[in-house]
Amino acid sequence: QVQLVESGGGLVQAGGSLRLSCAASGSIFRRNVMYWYRQAPGKQRELVALITGIGITNYADAVKGRFTISRDNAKNTVYLQMNSLKPEDTAVYYCKVDGTTQAIWGQGTQVTVSS
C-alpha cells in the first residue's frame, strides 16, 4: 500500500521560505495527480496546488506566484517550495494522491509563519 510522509515544516518569519517534501512508499505512477492541501485551525481543508503526471500545475489564488509544486518521479517525491510566506499561510500542510477506491493522505506537517 502506498503511504505518504510529509516533512520540511517549521517556524519561519514573514517573508521567509520553506520547502516541503512528500515522500511515498511503494510506487507512484507517473499518471497520478499529486496534491498539496492545507488546513488552519477552525477552517476547512483547502487545495493549495496540484501537479499532473506530465507536469501540468495549478495553484490556489492565495499562493499563486509565491508557491511552486514539483515532482521527482524517480524519487517518488513531491515538493512544495514556499516563498514570501505570510502569517495567513500558517496551517498544517498535507499531500494527497488518489488511491484505487479512496484518497491517500500524508500525516501532515505544521507550517507556522510569524509576523
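User: How many aromatic pairs does the count come to here?
Analyst: The count comes to 3 aromatic pairs, with the caveat that this is a predicted model.

User: What sort of pair do tyrosine 35 and tyrosine 37 form?
Analyst: Tyrosine 35 and tyrosine 37 form a tilted pair, with 6.2 Å from centre to centre and an angle of 40° between the planes.

User: Are those two buried or exposed? Tyrosine 35 to start with.
Analyst: Tyrosine 35 counts as buried because its relative accessibility is 15%, which is under the 20% cut-off; tyrosine 37 is likewise buried, at a relative accessible area of 16%.

User: OK, and how are the rings of tyrosine 94 and tryptophan 105 arranged?
Analyst: Their planes stand at 90° with the centres 6.3 Å apart, so tyrosine 94 and tryptophan 105 make an edge-to-face pair. This pair links distant parts of the chain, since tyrosine 94 belongs to strand S9 (residues 91–98) and tryptophan 105 to strand S10 (residues 103–105), the two being 11 residues apart.

User: Which residues do the ring pairs link into a cluster?
Analyst: The cluster consists of Tyr35, Tyr37, Tyr94 and Trp105, linked by ring pairs.

User: Switching to charges: where does the charged end of arginine 45 sit?
Analyst: The charged end of arginine 45 sits over the ring of tyrosine 94, at 3.8 Å from the ring centre, and also over the ring of tryptophan 105, where the distance to the centre is 4.6 Å.

Conventions: Residues numbered from 1 in each chain as written. Predicted model: local features only at pLDDT ≥ 70, side-chain atom pairs only at ≥ 80, totals over all residues. Heavy atoms only, no water. Phe/Tyr/Trp six-rings, centres within 6.5 Å; stacked < 30°, edge-to-face > 60°. Buried < 20%, exposed > 50% of the residue type's maximum accessible area, 1.4 Å probe, protein only. Helix = DSSP H or I, 4+ residues; strand = E, 2+ residues; numbered from the N terminus. Lys NZ or Arg CZ within 6 Å of the ring centre and 35° of its normal.
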